[in-house]
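Here is a short report for a reader new to this protein. Please look over the sequence and the model before reading on.

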Amino acid sequence: MVERVEVVINDTVLSIETGRVAKQANGSAWVRFGDTVVLGAVVGADPRDEDQDFLPLQIDYREKAYAAGKIPGGYIKREGRPSEKEILSARLTDRPLRPLFPDKYNNEVQVHLTVLSADQQNDPDVIGIVAASTALSVSDIPFESPVGAVRVGRVDGKFIANPNYTQLEESDLNMIVAGTRDFINMVEGGTREINEDDILEGLKFAHQEIIRVIDAIDELKKRLNVQKKDFVPPEMPDGLEEEVGKRATDRIHEANRIQDKNEHNEAIEAIKNEIIEALEEEYPECEAKISAIVKEIEKTDMRRMILEEGKRMDGRSMDDVRPITCDINLLPRAHGSSLFTRGQTQALVAATLGTKMDEQRIDDLEGESFKSFMLHYNFPSYCVGEVRPIRGPGRREIGHGALAERALEPIIPSEDNFPYTIRLVSDVLESNGSSSMATVCGGTLSLMDAGVPIKSPVAGIAMGLIKEEDQYKVLTDILGVEDHLGDMDFKVTGTREGITAFQMDVKIAGITFDIMKVALEKAKQARLHVLGEMEKAISEPRSELSQYAPRIIFLKIKQDKIGEVIGPGGKMIRSIIEETGAKIDIEDDGTVLIASVDQAAGEAAKARIEKITEEPEVGKIYDGEVRGTTSFGAFVEILPGIDGLVHISELANHRVGKVEDVCRVGDKFPVKVIAIDPAGKIKLSKKQVDAEAGD
């Protein structure tokens, strides 16, 4: 049976339909907004291992090239590995859904999101969250509450739900918000230095729209009379929890007061292993269950310590930021570098300046575009003292890099003011929470060390939450364990003027606006503190670029001269590049960018191009070469391919009987342009130059 519901957002119909396609999946939804269509299909499986202690939820978001009427590039001509956009969209969907499955529900769940049509005006990522939520809601898979999602923009002070690409270009806010009927449980976005109160108002506006989306999904569920599978959490063997509790509780209480991360982890691991060994005969093959109980005791004790004792594992108060050190100019050949250390989290960030030819080319459903600012984040296993396979960047690394890039993008100078391609690379050398925020801080320092004229410094901080019923504590600058065992990870970045980016994930159903207000205010105070520490290392961008950075020279030529600079088959421009060693890029509008580490090489290339494209000016003197003679004068080349006539009367200050008495083909001498007629014919004089020279 096909059922469909509709809701109007931003004067556009959001249509949610189920029952027409993908009927062998546990649940499916066909969601359309404008002419953008996303299919969501969800499948659940029985658990492979009852001892599994996590939810194996897989979100696969894919964009079909035909959705935008395109054929994939390359030799294979079909969609390949997920793009960065697809990976980020999958993560965006995962985060609000994951907390809403029942506790200890560890069955494998796959959510497939396929972009079938893209109108190139409405981003399908938010539509994908709605499609996934609907597919889960109408399926028999246990899923506690539908999730709604909207994108929020702000144009001329007015909030807009699901703004299109055109509206986003004028917006100072681009925020994606997801939540349930009662709470917000995921936020991600960037702003142009908006203050905390405006962000909060935007979240409240978003939640009103989210409730309308949830109303539509609930109406669909009601029509279908959805029945969910019963879920019974796996039971522990009789007496095991009590036995582990007696052996572990006091020792874990002591271990949770160990401030060093590695020592704490080693102590917990030793407790767990000793208990497993001691109970091996009485409770065989229960290693995973004992590990889960120990983890729960650790979590309960840590949360009680924070809520009841007002203490954190490293001894800080709720609002304290860990000690910070900032170093710059560590790498001799990098164009800019920094080492940002906060507690046991450390990021080495290097800046590289390139030319327009170094821009990243992006070909997606919205069309082809180019990026001149890139930030790449790496998280090697040694930074957390682990051994694991060495592969390319994973989804987490791509997500953290995108967040840091979004945080810094508003302060990057425009191409008109700074015509460089900028690449930042953050290598996390040590991690105990909030390495992405360390990347933002290190990225700012590295940009200033490179001499990039940024608008203002940006810092980032991660806020946490411990909540039990009505009692809660907001934590500033969270540790890794406070993230892992806590209820919220709320990252906020910004300048002294306002917020530039934020990302919030929760492990509970959601949080209230009151909690968000407290978190935003505390994040602001912490951010200002971090900025003060950063400014002790460097307070403004260096006045000069690194000696190893390319120097870029701008030149503007007429469009009809582009062919002359390039030459037949590129012969001319190749010769200039080979002779000078400079990089040359010519735009269709006649803009020429010359880049070279050696300033003299760049100037030489500029002179060559100016020579080729120069046009004669009346009154200007040129070094000329005789190309031919006639009875009435000599034809002299003054610029490449441009000749003028020196009439016989303009060859000398005395009467000339025969042109060859004064000059012959191949002779070189200065001449002056005395006139250019409407037809473009150039009149030259040799005698006026002689007179001016005093000869």
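Which residue in β17 does L348 stand opposite? L348 stands opposite D427.

This is a predicted model, where local features need pLDDT of at least 70, side-chain atom pairs count only at pLDDT 80 or more, and totals for chains, interfaces and linings use all residues. Residues are numbered from 1 along each chain as its sequence is written, and side-chain values use heavy atoms, with hydrogens and water left out.

Strand β13 covers residues 345-354. Strands are DSSP runs of E with at least two residues, and helices are runs of H or I with at least four, numbered from the N terminus. Two strands pair if DSSP finds at least two bridges between them.

| Partner of β13 | Residues | Sense | Bridges |
|---|---|---|---|
| β12 | residues 336-342 | antiparallel | seven bridges |
| β17 | residues 421-430 | antiparallel | nine bridges |

β12 and β13 form a hairpin, with two residues between them. G343 sits in the turn and has a positive phi of about 60 degrees. T341 stands opposite Q346 in β13.

**The whole chain**

The protein chain has 15 helices and 29 strands. Its C-alpha atoms fill a box of roughly 125 × 60 × 45 Å, taken along the principal axes. Of the 695 residues, 52% count as buried. Contact means heavy atoms within 4.5 Å. Among contacts between residues at least 6 apart in sequence, 69% join residues at least 24 apart.

Conventions. Buried < 20%, exposed > 50% of the residue type's maximum accessible area, 1.4 Å probe, protein only.
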